[in-house]
Each structure stands twice: as C-alpha cells, then as structure tokens.
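Here is a short report on one protein model. It covers a central contact, a sheet and the nonpolar cores.

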Amino acid sequence: MEEAVKAASRAQREWGKRPAIERGKYLLFIADRLEERKEEFAQLLTKEQGKTLPLARDEMDITIEYFRYMAGWARRYEGDVINSDRQNENIILLKKPIGVVAGVVPWNFPMFVLARKVAPALITGCSIIIKPSQQTPLTAVKFSEVIHESELPPGIFQLVTGTGSSVGTPLASHKKVSMISLTGSTPAGSKVMEAAARNVTKVNLELGGKAPAIVSKYADLDLAAEKIIESRIINSGQVCTNAERVYVQEEVADEFIDKIVTKAKEIRYGNPLVKEDIEMGPLVSKNQLDSVSEAVEKAKAAGAKVLAGGQRADTEKGYFFEPTILTNVGQEMDIMQEEIFGPVLPITTYHSFSEAIVMANDSEYGLSSSIFTENYHEVMQGVNELEFGEVFVNRENFEALQGFHAGWRKSGIGGADGKRGLEEFLITTVAYMEYER
C-alpha cells in the first residue's frame, strides 16, 4: 500500500499537466478493450459474486459506457470568470485535479463501481489507487491487465488488495492521499471518515440504504408490483438502491399484496453458471445468508407474517434465500429500519399520502426512494418532500450515469455520476489578476 501511494503521488503531477483530451484517449482505449473481453469479464463476475449472467453482462455494458461517457467530458468541464469589484482586474476560477485518489470498491458491483472511481479520476488528471473488496478481487486484477495494455503512464493506476482494516483504513489516513472514495456499508464509511479526519482528507462516500416504495391508490398496481419486485430481487437483493420496504394505501393493499406475492413466488433462481433463464443467483457468502435469515426470523418473532418465501432454499447447493414477502410489520420493527441486503420485502399500509411520506422519511438512510401513482399532485408532493437523494417515479430503482447518485443522512457524503460527480475529483484555485491602469 505504501509503495502504491508513493508511485501514485510521483506520477500524478505530470499526468495532471497533460491535456484532458489526451487523457480521454486512454479511457476510450480501456472501453474498447473491455468491450472485446466483455464475456470473459461477465463470466468472472458471475463466478466471483454469484449474479446472473445477464446482469453481469449488463454490468459490463454500463462499465464500458461509463468510460466512454467520462472521456466525453475532456472538453466540457470548465472553470469560471468572475466579475471583480475593482477596475482593471479579472478573477479567474481554475479547476484542477484533486491529486491522489484512493477508491474502495464493494463486492456487489465490482466492475461498475470501479469504473465510477477510475474514469472520473483519470479524465480530471488524478492518479488512483483501487482497493477491491476481499470477496471479489479477481475482476479488479483482470482489469489491471487492460490498464497495462493501454500503456497508461506508470503509477497512475495502482491496485492493492486486502481487508478494509489492513488496507482501506491506512489508505484513508495516508497524508499523500487527497481523497478517499468508498462505496460500502455505513460502518465502513464511519471508519474511513475517522481515519481521513487525521489529515482532513476529503471523503466521498456512498453507503447503505433502506429505500421506501410508496404505492398509492391511484397507482397502476400491475406496474407497481412488477417494478418493485424487480427493484427488490436484482442481484439477489444485494444493492444499496434496492426497494427495501413498501408502503401501500389501505384501499388497494389487498389487491397489491396479492399481485406482488404472486410475482415473488414466480421468481426463478439457481446456479447462474448452469441456468441463464433465472432472475436470481445465490447470496455472496454464508455470512450474508446468515444475516438475511436472522433478519427474517427476528421479524417473524416480532409478529411478521410470511406470505412468500421466508427461509433458505433447500433445493439448491449454495447460499440461496427464497424471495420473501412479509406483512403485519410495524414501522418501528428492525425489518423496516435496518438494511437487509437480500431478497426480503416487508409491506405495511398507510391512510393518507402525507402519512406515507412521513413514514418513508423515518429512517437513518436517505439514498433511494420510489413512488407509484398516476396522480400528478402526489408525484409533485413526493418529489419535493421525500428526503432522499433519488426519487424514482413509476419505474425500477436504477440510476443513470449522467445523473447524480448521492445520499442523505447515513447514506453518504458527496456523490457520483454526471457533471457533479466529475467535480468531486476537482479542486479550485481562484486567481485575482490586476493589471496596470
């Protein structure tokens, strides 16, 4: 880790002096090479993390597109000329690379999130050190082969492997690291913030979520059931933006619950290397399986009713948990407050739309949320009053690369994607330029 920081620090200054358009050519090469090796990477993603092959291919597609998208910012990000209060003076705000970036990548989307950190770092003139999750390091190691083929100047990209405590925390506390960008759990984010505070290092954190989905009596219930179940079981429920809890209006609760239970029971799961016509693979590890199982058992003990699933699957070898629907849950229960990170969906009811918003906002997290309604007034109220970085209306929970993926409260600090995500990797200098009268 120490050698990686030294190398990245030495190389960054000259890299930052290169024109952005020249740096962008490396990103385009990386994208083209990843496209050539797409199936190789997709197979490795599935073997290493357990996601379905179609999802692994989708992850590679968006990874490739991310490098191309960020390369396109080479001629577009810019500073400002500011009006001065003095005669014969110009004030110029310059955007400069922040320096050495340390990127800590999670196991659930190890290639896409790697791209989220590497691409904006390279285009803005930063060097970057990537630490993949110890559960999914192989795709990052394979990616380093592509970096080598691109002939990127030595030191600009570094890869270190290991645990968060042995590598991640020392990176965050290193005096030569200018920004630490972590995607992971809220406890991991807290540890990184604490370590970074020693040198007042900038942190960029995407952490946990507990995304609410509000289903109004004015909703298309078939659409709501389809999109919510899709947003719950993608990657076997192991996504921070997954729909984690549902609030459905009393008048339509029975009808909606019948529809979503039917869909949950129809979910096909199995070994993704053997079956491609499935929607779910296994959970990533035995620890994750145990965590999901314990959360469901605790909810059942508190009075929750299981309408679908509710247990480990006994028909497959591996860490499979059945798609699960729970009702008779209260707002105060852990299943409605704590992130599950598995294919489990608790559902409760509400009376008025304003009440639903209050219940949705009653959370430590503030990353993603969704609304299902055909009522314009409810859409406007929800978009304005929901305290989340993202609000999805009548669609599944998945963000666009040109948006801004950012959370409130314990879901993070800063964000990624689009122009605003790019600017996380930039720092400013303001020049006051007075000339003779």
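## Around Val118

Leaving aside neighbours within four places in sequence, Val118 contacts Phe67, Ile128, Ile130, Phe143 and Phe157. Contact means heavy atoms within 4.5 Å.

This is a predicted model, where local features need pLDDT of at least 70, side-chain atom pairs count only at pLDDT 80 or more, and totals for chains, interfaces and linings use all residues. Residues are numbered from 1 along each chain as its sequence is written, and side-chain values use heavy atoms, with hydrogens and water left out.

## Nonpolar cores

The largest nonpolar core has 54 residues. Such a core is a set of buried Ala, Val, Leu, Ile, Met, Phe, Trp, Tyr and Cys residues joined through side-chain atoms within 4.5 Å. Buried means under 20% relative accessible area (1.4 Å probe, protein chains only). Leu34, Phe67, Val118, Leu122 and Phe143 touch the most other members. The largest share, 10 residues, comes from α4.

Six strands form an open, mixed sheet in the order β5-β4-β3-β6-β7-β18. Helices (H or I, at least four residues) and strands (E, at least two) are DSSP runs, numbered from the N terminus. Two strands pair if DSSP finds at least two bridges between them. The edge strands, β5 (157–159) and β18 (412–413), each pair on one side only.

Strand β4 (residues 127–131) pairs with β5 in the parallel sense, over three bridges. Ile128 has Phe157 in β5 as its bridge partner.

Terms used. Buried means under 20% relative accessible area, exposed over 50%, partly exposed in between (1.4 Å probe, protein chains only).
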